[in-house]
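Visitor: I am new to this structure and would be grateful for a close look at a single part of it. Please describe that part with care and then set it in its wider context.

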Amino acid sequence: RRHRAMVDFSCQVMDVILCQATVRRFLALNYAATLSYARDTKAALMIQKNYRRHRAMVDFSCQVMDVILCQATVRRFLALNYAATLSYARDTKAALMIQKNYRRHRA
């Protein structure tokens, strides 16, 4: 009887150890999968962050170039108008000077 009880106890201990090993293995695999998922998620977030940052920089650069182009066009237009105004004023002044000298000469 004692021998039989020792064999049964020994089998039960081995069964418990086997169950513990199986549960620990399952928990370790689950933990490893969680770590792997977290690492992959972190890597995906890092890639997304860098892509979005790059995209924002490119969009900003394009917007700055558009603004610069618009400013250059407006400044050119204003400069041409100013030059035309100065030219008209100079021509008008010259014409008045010619008329004044002609009338003085005629008088």
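Guide: The following account concerns helix α1 and the side chains along it.

The model under discussion is a predicted one. Helix α1 covers residues 2-106, and the protein chain holds 1 helix and 0 strands. The radius of gyration of the protein chain is 46 Å, well over the 13 Å that the globule rule gives for 107 residues, so the chain is more spread out than a compact globule. Along the principal axes, the C-alpha atoms fill a box of roughly 155 × 10 × 5 Å. A pair of positions illustrates this extent: L35 and A107 are separated by 72 residues in sequence, and their C-alpha atoms lie 106 Å apart in space. Of these two, L35 has its place in helix α1 and counts as partly exposed, at 44% relative accessibility.

The surface of the chain may be considered next. Of its 107 residues, 0% count as buried. A residue would need a relative accessible area under 20% to be called buried. The chain exposes about 10,500 Å² in total, and carbon and sulfur atoms supply 66% of that area.

Among the side chains, the charged pairs deserve attention. A search of the whole structure finds 3 salt bridges. In one of them, the side chains of R39 and D40 meet, with a distance of 3.7 Å from N to O. R39 is exposed, with a relative accessible area of 56%, while D40 counts as partly exposed at 43% relative accessibility.

Another salt bridge joins R55 to D59, and here the closest N and O atoms are 3.8 Å apart. Why can these two be described as about one helical turn from each other? The reason is their spacing: R55 and D59 are 4 residues apart in helix α1, so about one helical turn separates them. R55 counts as partly exposed, at 45% relative accessibility, and D59 is also partly exposed, at 33%.

There is also a salt bridge between R90 and D91, whose closest N and O atoms are 3.6 Å apart. R90 is exposed, with a relative accessible area of 56%, whereas D91, at 42% relative accessibility, counts as partly exposed.

M65 is exposed, with a relative accessible area of 56%.

The structure holds 0 disulfides. Seen from C70, the closest cysteine sulfur is in turn that of C62. C62 counts as partly exposed, at 43% relative accessibility.

Conventions. Residues numbered from 1 in each chain as written. Predicted model: local features only at pLDDT ≥ 70, side-chain atom pairs only at ≥ 80, totals over all residues. Heavy atoms only, no water. Salt bridge = Lys/Arg side-chain N within 4 Å of Asp/Glu carboxyl O. Buried < 20%, exposed > 50% of the residue type's maximum accessible area, 1.4 Å probe, protein only. Disulfide = S-S within 2.5 Å. Rg over C-alpha atoms; globule rule 2.2 N^0.38 Å. Areas by Shrake-Rupley, 256 points an atom, 1.4 Å probe, with all protein chains shown as cover.
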